[in-house]
Amino acid sequence: MADTPTPIVLLPESEVARIVADLAARIAPVTDDETVAAVLLTGGLWFAADLTRALSRLGRNVRFDALWLASYGDEKESRGRIDVYAPFQRPVAGKTVLILDDVFDTGLSLAEAVRIAKEGGAARVLTCVFARKPWPLPRAPEPDFVGWDAPNRFLVGYGLDHAGALRGLPDICALD
Ligand SMILES: O=P(O)(O)OC[C@H]1O[C@H](OP(=O)(O)OP(=O)(O)O)[C@H](O)[C@@H]1O
Ligand SMILES: Nc1nc2[nH]cnc2c(=O)[nH]1
């Protein structure tokens with residue numbers, strides 16, 4: 001069996017927490033308590049849990065829903081198509097939807113989530129990712145809120161997995 005490389009810490013959990021608090025301070029004034037925070041499962045779960053609690057500390061108690069999408073499987077590169085495993089639980093028609101994800105890379109996952117929210121009749125769609133990786137070409141839509149511009153490395157931790165493993169690492173690490 002091939003050796004798994006040791007994760008190298010790029011962003012320690014103290015920095016993760018600082019960035020989440022900063023994002024919440026930017027997002028709270030442009031949302032309301034009817035806003036539906038919609039996490040992209042699975043990887044976005046850790047970030048969404050932290051961000052919604054950071055918003056609550058600022059008095060902003062958003063609603064919560066989820067979309068279960070996947071495009072990477074157990075690989076380190078996008079399959080180039082998005083599989084939708086589960087839709088929103090409740091209707092989003094007429095609501096502001098704040099889509100939350102851990103990382104923005106090819107941009108395909110976020111674009112599909114925005115498409116689904118608009119198709120569901122959302123009145124306004126905002127997007128927020130914890131990490132944005134560099135990409136040589138323009139990606140549409142760029143997220144409205146970005147926590148951290150990450151280097152072009154394969155990331156694990158804070159929801160980001162390697163074939164289903166390492167999501168629970170509290171730091172964000174490189175595994176390459
Ligand atoms: O910008 P993109 O190239 O689309 O990449 C970003 C997506 O990749 C990961 O999801 P993945 O498909 O690996 O599923 P997961 O959430 O189960 O990890 C991550 O959680 C993002 O949703
Ligand atoms: N785990 C992981 N998933 C991703 N999906 C898109 N980019 C990445 C990445 O760098 N790491």
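Me: Why is Val114 called buried?
Reply: A residue counts as buried if 20 or more other C-beta atoms lie within 10 Å of its own, exposed if 12 or fewer, and partly exposed in between, with C-beta atoms placed from the backbone. Val114 has 20 other C-beta atoms within 10 Å, so it is buried. By the way, this is a predicted model: local features need pLDDT of at least 70, side-chain atom pairs count only at pLDDT 80 or more, and totals for chains, interfaces and linings use all residues. Residues are numbered from 1 along each chain as its sequence is written, while chains are lettered from A and ligands numbered from 1 in the order in which they are written.

Me: What makes a residue a contact of Val114, and which ones does Val114 touch?
Reply: Two residues are in contact if their C-beta atoms, placed from the backbone, lie within 7 Å. Leaving out residues up to four places away in sequence, Val114 touches Ile99, Val125, Thr127 and Pro141. For Thr127, the C-alpha to C-alpha distance from Val114 is 8.1 Å, and the two are 13 residues apart in sequence.

Me: Which residues are around ligand 2?
Reply: To be near, a residue needs its C-beta atom, placed from the backbone, within 6 Å of the molecule or strand. That picks out Tyr72, Val103, Asp105, Lys133, Phe154, Leu155, Val156, Leu160 and Asp161.

Me: And which residues come nearest to ligand 1?
Reply: Of the 18 residues around ligand 1, the nearest are Gly43, Tyr72, Asp105, Thr106 and Ser109.
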